[in-house]
Amino acid sequence: MTTPLPHPVPPSKVAVIIPAFNEEGALPGVLAELRSVLEARGIDHDAIVIDDGSEDATAAIAADAGATVLRLPYNLGIGGALRTGFRYAVSRGYRRAVQFDADGQHDPEEIEGLLEALDAGADMVVGSRFGDERSTYEVGSVRRSAMRVLRVTVRLLSGRVFTDTSSGFRGFNERTLELFARVYPVDYMESVEALVIACASGLRVTEIPVAMRTRQHGLPTTRRWRLAYHYLRLLFVVLATATRRPRPTEVRP
Amino acid sequence: MTTQAHVFVVVVTLLAVAFVIRLVRRRQLRAKYAMLWVAVCAVIAFMAAVPSVPNRLARGVGIFYQPAAFLFAAVVFLFLVVVHFSYELSRLEERSQVLAQEVALLRRALEERRAEDDGVSAPPGT
C-alpha cells in the first residue's frame, strides 16, 4: 500500500491532520493560530486538511492558508476523512501525526505535550478533556452517562484507565499511523472504537490532560435517540473487537 | 412445537449470533447490520423460549394459526430489509460512478501535467 515517497519528509516533521466538513467559518482562524503557535515553539509541521465533501469554500480557504488539501469527492464522515489523512501521512513517510479539529475546540498550545508523550515512548496519546481542572468542558446528560459506561467498558477490556475515550485530540507515531491507515473505523463516534483497536493491537496508549474550548462554529451533531442507538452500537463493537487477540501481523514493530 | 424443536431453534439462533459476531471481529460486517441481525436472532430465540408470547400476539391480531402469523411477520420484515438494501445499493452505485468519473478527470490532469513536463502540449482526447 505504501507507495515510493516522492518528497521524503524530514523525520522530525509532524503531520497535523485536520478533517473539515463545511468549516469555512472557523478554518482561517484555526489554521492561522496553529501555524503561529507551532512556529513559535519551533515545531516543524505540515497542516493537512481533508475536505470531506464540503459544499462551501473549505478547500479553497485551507489552500489559501497554506495547508495541504486532500479533497474527497463526497462526504465520508469523520472516520473516512481521518483514514484518508493517515494514508497520506504513511505514504509520505511522516513519523508523527496529530489529529486536530477544524472547528477550533482544540488548543494548538497543547500539541507540544502530545508530541512529548510520543517521544517518551507512546505509540498513541489521547488529549483528555477531563484529565484536570483546567478543563471546563460541558456535555449533555445522555452523552455524559454514555461516556461513563464506555469509559468503564474500555477500562475493563483494555485494563487501562482513560478518562476521555472519545477525545479527537490525539497524537500518533508511525506504528499507529500504519495501523490506522488500514483499519480506522468509519462509523459515528469512531474515536472510541479506534482507541479500543489500538489497545487490542498491543500499542502503548497514554493519556494526557488538555484544556479544550467550546466549539466556535457548528452544532453538536446528533439527536437523543440516535445518540442512544450509536452508543449501543459502539458498546457492541467494543465488546466484539476488544476481546479479539492481537494478531501478530496487525502491527509491525 | 415440541420441546426438542424449541431447543433446536434456540441453538441455531445462538450459532447465527456467534457467526455474526465473528464477522464483526474480522471487520467483514458493519456494526449497523450486525446489530440488526443480532436483534432478529434475539426476537426469534425469545419466541422459541417463551412460545406463549407469539401465540398471544397472533390471537391479538386475529390470526388463530400461529405459524401463519409468524411467517407473515417474517415476510413483512424481510421486505423492509430488501427495500433498505436496494436504497443502499443505489447510493453505492451513485458513489462508484462519481469515483470513476473523478479518476478519469485525475488521469486527464496527470497526462496534461506529464506532457507539460516533457515540453509538448497534451494529446487531445485519449
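Burial in chain A, to start. Chain A has 253 residues, and 44% of them count as buried. Keep in mind that this is a predicted model. The secondary structure of chain A comes to eight helices and seven strands. Now look at contacts in chain A between residues at least 6 apart in sequence. Of those, 80% join residues at least 24 apart.

Let me take one helix, α5 of chain A. The helix covers residues 141-158, so 18 residues.

Next, which residues of α5(A) are buried? They are A:Ala146, A:Leu150 and A:Val154. These three cover an arc of only 75° around the axis, so they sit on the same side of α5(A). Turn to the other side of the helix. Exposed there are A:Ser141, A:Arg144, A:Ser145, A:Arg148, A:Val152 and A:Leu156. After α5(A) comes A:Gly159. The phi of A:Gly159 is positive, near 70°.

Chain B is divided into two parts: domain 1 runs over 1-50, and domain 2 over 64-126. How far apart are the centres of the two domains of chain B? Taken over C-alpha atoms, 30 Å separate them.

Confidence in chain B, then. The mean pLDDT of chain B is 88. In chain B, 94% of the residues reach 70 or more. By element, helix α3 of chain B, residues 52-60, has the lowest mean pLDDT, at 85. The highest belongs to helix α4 of chain B, residues 66-117, at 93.

Last, the interface. How many residues of each chain are in contact? On chain A there are 10, and on chain B there are 12. Which element gives the largest share of the chain A side? That is helix α8 of chain A, residues 224-242, with five residues. By type, the chain A side divides into six nonpolar, one polar and three charged residues.

And the scores for the whole complex. The predictor gives an ipTM of 0.74. The pTM is 0.83.

Technical notes: Residues are numbered from 1 along each chain as its sequence is written. Chains are lettered from A and ligands numbered from 1 in the order in which they are written. This is a predicted model: local features need pLDDT of at least 70, side-chain atom pairs count only at pLDDT 80 or more; totals for chains, interfaces and linings use all residues. Domain bounds come from an automatic or database domain assignment. Helices (H or I, at least four residues) and strands (E, at least two) are DSSP runs, numbered from the N terminus. The expected span of a helix is 1.5 Å times one less than its number of residues. A residue is buried if 20 or more other C-beta atoms lie within 10 Å of its own, exposed if 12 or fewer, and partly exposed in between; C-beta atoms are placed from the backbone. The arc is that of the directions from the helix axis to the C-beta atoms. Two residues are in contact if their C-beta atoms, placed from the backbone, lie within 7 Å. Ala, Val, Leu, Ile, Met, Phe, Trp, Tyr, Cys and Pro count as nonpolar, Asp, Glu, Lys and Arg as charged, and the others, Gly among them, as polar. pLDDT is the predictor's confidence in each residue, from 0 to 100.
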